[in-house]
Amino acid sequence: MSVRQSLLAILDQGPCYGYQLRHEFDRRTGSTWPLNVGQIYNTLERLERDGMVERGEVDEHGHVYWQITTAGSADVAQWLSSPVVRTQATRDELAIKLSVAATLPGVDVAAVIQAQRTASLRQLQSLQRAKYAGGDADGPEELAWSLVVDSMIFAAEAEVRWLDHTEQRLALHPQHAMTLELATERPKRGRPAKAGAGVGGVEPAL
């Protein structure tokens, strides 16, 4: 969704062709999340289908200039004025890995945490040492880059703190008191069978 809305917001400044949109997106996000041209055009076609953009003029090089519609401009305004909602459905690989590891017998979770902490600290230090490689060190592109890097630094710091917290909590169960054995009861899949289903009203095994 953020790519879709970001491209719309850029087009709200004026018509652009595909490669130009990719360049403008990179300028505004510090080139942190590069987009391929195929992704750009797939997004543009979906936006066109939804009535958010339309094809405009074609220049002498064959570039098709896409322009935003009134509905697209309204969508951009709505996006910019609305908070980002982080849904609970988002899966975090590290959280899943450690929560599963903590319930498995014979796993040295402390070692897993230490390996991750080492990698996270290395990433944090790399981000803290990062320098802007562009031209104007006080320009808008440097500002966009630094905002993205700051976000990544804060996220890395939070990850390290969470690892410390997790290690402290698991230390309360040194003998793997929270180990989960495989369940002996087989879970049923699908919806419960209706009365009378199966042979003689007995629910079929799944």
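Modeller: Helix 2 covers residues 18-29, and its 12 residues reach 17 Å from the first C-alpha to the last, close to the 16 Å expected at 1.5 Å a residue. That expected span is 1.5 Å times one less than the number of residues. Helices (H or I, at least four residues) and strands (E, at least two) are DSSP runs, numbered from the N terminus. The model is a predicted one, in which local features need pLDDT of at least 70 and side-chain atom pairs count only at pLDDT 80 or more, while totals for chains, interfaces and linings use all residues. Residues are numbered from 1 along each chain as its sequence is written, and side-chain values use heavy atoms, with hydrogens and water left out.

Within helix 2, the buried residues are Gly18, Leu21, Glu24, Phe25, Asp26 and Thr29. Buried means under 20% relative accessible area, exposed means over 50%, and partly exposed lies in between (1.4 Å probe, protein chains only). The cover over these buried residues includes helix 1 (2-11), helix 3 (37-49) and helix 7 (140-170). Just after helix 2, glycine 30 adopts a positive phi of about 65°.

Aromatic pairs come next. Rings of Phe, Tyr and Trp (its six-membered ring) pair if their centres lie within 6.5 Å; planes under 30 degrees apart count as stacked, over 60 as edge-to-face and the rest as tilted. By this rule there are two aromatic pairs. The ring centres of tyrosine 17 and tyrosine 65 are 5.4 Å apart and their planes stand at 80°, so this pair is edge-to-face. It links distant parts of the chain, with tyrosine 17 in the loop between helix 1 and helix 2 and tyrosine 65 in strand 2 (residues 64-68), 48 residues apart. Tyrosine 65 is partly exposed, at a relative accessible area of 24%. Tyrosine 132 and tryptophan 145 form a tilted pair, at 5.7 Å centre to centre and 50° between the planes. Here tyrosine 132 belongs to the loop between helix 6 (109-129) and helix 7, and tryptophan 145 to helix 7, 13 residues apart. Tryptophan 145 counts as buried at 16% relative accessibility, whereas tyrosine 132, at 24%, counts as partly exposed.

As for the whole, the chain has seven helices and two strands, and its elements run α-α-α-β-β-α-α-α-α from the N terminus on. Of its 206 residues, 27% count as buried.

Key. Contact = heavy atoms within 4.5 Å.
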